[in-house]
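Here is a short briefing to read alongside your structure. Keep the 3D view open and follow the residues as we go.

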Amino acid sequence: MIAVLRQVPSFMFRPRRQPQRWLLAVLAVVAGLAHVPLIPPHLSEAPYMGVLFILLTIACLMLAGAATFRDSAAVYSTSAAVCGVAVIGYVATRLVPFPMLADEVGNWLEPLGLLAVPAETAVVVIAVRVLLRASRHSFPGAGPSSTI
């Protein structure tokens, strides 16, 4: 594991100190905590989804802490991936009947979903914007005024 981490470029772990990290952290906490009430019923109805909600909650809370204390490109990338997958999962369970969750199809107005999905989407948007802005400043000539 350490050997793999040594191969990752150091800029991935360098703190960005972006002011958006505070909003990203708050939204990640909201997204994570929105799933907590869903864990017990899903563990009994669809255990695989209950476990995924536990993992998502832990990941969101850890990412909120990481964004607060060391908002690196790795944190922004991981935040975008985790929350992006959560949004895709929500949409998928509303469109396709998942095992033991067929009653979720068409249930777009799930109250906790209405809280979690916008928070997760905002995390993705913030993370991608920070990463794109950082990439424009990282490469000479990159950015909107560059020519090819």
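This is a predicted model: local features need pLDDT of at least 70, side-chain atom pairs count only at pLDDT 80 or more; totals for chains, interfaces and linings use all residues.

**The surface around Leu 52**
- Leu 52 has 45% relative accessibility, so this residue counts as partly exposed.
- Together with Leu 43, Val 51, Ile 54, Leu 55, Ile 58 and Met 62, Leu 52 makes a nonpolar surface patch of about 610 Å².
- Helix α4 provides the largest share of that patch, with six residues.

- As background, nonpolar side chains in soluble globular proteins tend to be buried together.
- In this model, the largest nonpolar core contains 21 residues, and Leu 24 and Val 123 have the most contacts inside it.
- Four helices each supply at least two residues of this core: α2 (20–34), α4 (47–69), α5 (73–95) and α6 (111–138).
- Of these, α5 gives the most, with six residues.
- If you click on Leu 24 and set aside its neighbours within four places in sequence, you will find it in contact with Ala 67, Tyr 76, Ser 79, Val 123, Ile 126 and Ala 127.
- There is also a second, separate core of six residues, with Ile 39, Ala 46, Met 49 and Leu 101 among them.

**The aromatic pair**
- The count of aromatic pairs comes to one.
- Tyr 90 and Trp 108 form this pair, with an edge-to-face arrangement: the rings are 6.3 Å apart centre to centre, and there are 70 degrees between the planes.
- Tyr 90 is in helix α5 while Trp 108 is in the loop between α5 and α6, so the pair ties together parts that lie 18 residues apart in sequence.
- How do the two partners stand, buried or exposed? Tyr 90 has 14% relative accessibility and so counts as buried, whereas Trp 108, at 37%, counts as partly exposed.

**A buried arginine**
- Arg 94 also lies in helix α5.
- With 7% relative accessibility, which is under the 20% cut-off, Arg 94 counts as buried.
- Which residues does Arg 94 touch, not counting those up to four places away in sequence? They are Glu 104, Val 105, Gly 106, Asn 107, Trp 108 and Glu 110.

Methods
Residues are numbered from 1 along each chain as its sequence is written. Side-chain values use heavy atoms; hydrogens and water are left out. A nonpolar core is a set of buried Ala, Val, Leu, Ile, Met, Phe, Trp, Tyr and Cys residues joined through side-chain atoms within 4.5 Å. Buried means under 20% relative accessible area, exposed over 50%, partly exposed in between (1.4 Å probe, protein chains only). Contact means heavy atoms within 4.5 Å. Rings of Phe, Tyr and Trp (its six-membered ring) pair if their centres lie within 6.5 Å; planes under 30 degrees apart count as stacked, over 60 as edge-to-face and the rest as tilted. Patches are made of residues with over 30% relative accessible area and no salt bridge: like charges are joined within 9 Å, nonpolar side chains (Val, Leu, Ile, Met, Phe, Trp, Tyr) within 5 Å. Accessible areas come from the Shrake-Rupley method with a 1.4 Å probe; for residues, only the protein chains shown count as cover. A salt bridge is a side-chain nitrogen of Lys or Arg within 4 Å of a carboxyl oxygen of Asp or Glu.
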